[in-house]
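Please look at the sequence and the structure below before reading on.

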Amino acid sequence: MLDVSVQGMDARAVLVVALFGVLAVVAGGFVTQLVFRFVDDRRVHEQLPAASEPNAETPEPVSGKATGGVEQAGSILRGGAWIGALERLAIFAGLVANWPEAIAIVLAVKGLGRYPELRSGEKSAVAERFIIGTFVSVLWACGCAGLAVWLRG
């Protein structure tokens with residue numbers, strides 16, 4: 001039989017950590033995109049006039065490719081999907097290794113790296129996308145790491 005152990009972890013623990021690591025990195029991107037769509041959809045619905053207002057003008061939608069939604073701000077924050085995946089991987093690995101300081105380091109590096117795009121102030125959706133994406137990504141990675149640590153025993 002093949003003896004699979006990593007620093008005292010049995011094969012089951014290694015498998016749990018590996019599966020939740022993949023879940024943190026891959027599924028985290030999908031979850032983040034769903035949240036971006038949800039935010040843009042809510043923004044559109046909040047800006048639509050009430051049905052009881054007969055002469056109300058319909059504003060231009062903010063979502064999708066129309067005017068400057070959170071999803072569209074991704075064109076300014078290039079590489080966001082790759083950065084998010086690496087961010088989730090680093091946070092997951094840090095937490096599973098019992099080194100929570102990794103969260104602070106990842107967020108500091110990400111913030112400093114994105115400072116020029118955030119500082120430009122071209123569109124508020126850029127900063128909104130950065131904050132929402134970071135929160136969703138970090139929370140997802142922390143949740144996956146917490147479950148992996150709990151299940152590995």
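Helix H2 counts 17 residues and reaches 24 Å from its first C-alpha to its last, close to the 24 Å expected at 1.5 Å a residue. The expected span of a helix is 1.5 Å times one less than its number of residues. Helices (H or I, at least four residues) and strands (E, at least two) are DSSP runs, numbered from the N terminus.

The model is predicted: local features need pLDDT of at least 70, side-chain atom pairs count only at pLDDT 80 or more, and totals for chains, interfaces and linings use all residues. Residues are numbered from 1 along each chain as its sequence is written, and side-chain values use heavy atoms, with hydrogens and water left out.

**The chain as a whole**

The chain holds four helices and zero strands, and from the N terminus on its elements run α-α-α-α. Of its 153 residues, 32% are buried. Buried means under 20% relative accessible area, exposed over 50%, and partly exposed in between (1.4 Å probe, protein chains only). Among contacts in the chain with a separation of 6 or more, 70% are between residues 24 or more positions apart; contact means heavy atoms within 4.5 Å.

| Helix | Residues in helix | Reach, first to last C-alpha | Expected at 1.5 Å a residue |
|---|---|---|---|
| H2 | 17 residues | 24 Å | 24 Å |
| H4 | 29 residues | 42 Å | 42 Å |

**Helix H2 and what follows**

The buried residues of H2 are Gly-84, Ala-85, Glu-87, Arg-88, Ile-91, Phe-92, Gly-94 and Val-96. After H2 comes Asn-98, with a positive phi near 60°. Ala-97 sits in the loop between H2 and H3 and is exposed, with a relative accessible area of 56%. Ala-97 and Val-149 are 52 residues apart in sequence, while their C-alpha atoms are 9.2 Å apart in space.

**Helix H3**

Buried in H3 are Ala-102, Val-106, Lys-110, Arg-114 and Glu-117. An α-helix has 3.6 residues a turn, so residues three or four places apart point the same way. The cover over the buried residues of H3 includes helix H2 (80–96) and helix H4 (124–152).

How many salt bridges does the structure hold? It holds one salt bridge, where the term stands for a side-chain nitrogen of Lys or Arg within 4 Å of a carboxyl oxygen of Asp or Glu. Lys-110 forms a salt bridge with Glu-87, and the closest N and O atoms are 2.6 Å apart. Lys-110 lies in helix H3 and Glu-87 in helix H2, so the pair ties together parts that are 23 residues apart in sequence.

Are Lys-110 and Glu-87 buried or exposed? Both Lys-110 and Glu-87 are buried. Lys-110 counts as buried because its relative accessibility is 14%, and Glu-87 because its relative accessibility is 4%.

Leaving aside neighbours within four places in sequence, Lys-110 is in contact with Ile-83, Glu-87, Phe-130 and Thr-134. The side chains of Lys-110 and Thr-134 are joined by a polar contact of 2.8 Å. A polar contact is a pair of N or O atoms within 3.5 Å; within protein, one must be able to donate a hydrogen and the other to accept it, and residues adjacent in sequence count only if both atoms are side-chain atoms. With neighbours within four places again left aside, the contacts of Glu-87 are Val-106, Leu-107, Lys-110, Thr-134, Ser-137 and Val-138.

Ala-18 is placed in helix H1 (residues 11–47) and is partly exposed, with a relative accessible area of 42%. The C-alpha atoms of Ala-18 and Ala-148 are separated by 8.7 Å, although the two are 130 residues apart along the chain. Just after H4, Gly-153 takes a positive phi of about 85°.
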